[in-house]
Amino acid sequence: MSGDDNIAGNEIRIRGLSLKVIQQLDEEAAKRKISRNQLLKSLIESFVVMPELQSLDEKYASLVKKLMVVIEKNTETLNRVTENLKYN
């Protein structure tokens, strides 16, 4: 989502946060040298894309496991070929 999105009512208000939470948000924003709004926007956008990232991570892990099996089989085959070449 970009800042240029022109959706009616694209404003969110959060009521009832404790002063401590607001202070922690302000401290984090200051550390990052961004506004509180920019920090909150970043956190919310990250939260929204998190399931997609987790899905990609799971697919990547599955692919790595499959590739490891293939590499192990290729290594075994290469070792057998090398042994056969030694004795022939």
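What percentage of the 88 residues in the chain is buried? In this predicted model, local features require pLDDT of at least 70 and side-chain atom pairs pLDDT 80 or more, whereas totals for chains, interfaces and linings use all residues. Residues are numbered from 1 along each chain as its sequence is written, and side-chain values use heavy atoms, without hydrogens and water.

Buried residues account for 3% of the chain, where buried denotes under 20% relative accessible area, exposed over 50% and partly exposed the range in between (1.4 Å probe, protein chains only). The chain contains two helices and zero strands, assigned as DSSP runs (H or I, at least four residues, for helices; E, at least two, for strands) and numbered from the N terminus. Along the principal axes, the C-alpha atoms fill a box of roughly 80 × 30 × 20 Å.

The accessible surface (Shrake-Rupley method, 1.4 Å probe) is about 8300 Å², with 57% belonging to carbon and sulfur atoms. A nonpolar surface patch of about 1000 Å² includes I12, I14, F47 and L53. Patch residues have over 30% relative accessible area and no salt bridge, with nonpolar side chains (Val, Leu, Ile, Met, Phe, Trp, Tyr) joined within 5 Å; a salt bridge places a side-chain nitrogen of Lys or Arg within 4 Å of a carboxyl oxygen of Asp or Glu. Helix 2 (residues 36-87) supplies the largest share of the patch, seven residues. L53 lies in this helix and is partly exposed, at 46% relative accessible area.

Conventions:
Patch = residues over 30% accessible without salt bridge, like charges linked within 9 Å, V, L, I, M, F, W, Y side chains within 5 Å.
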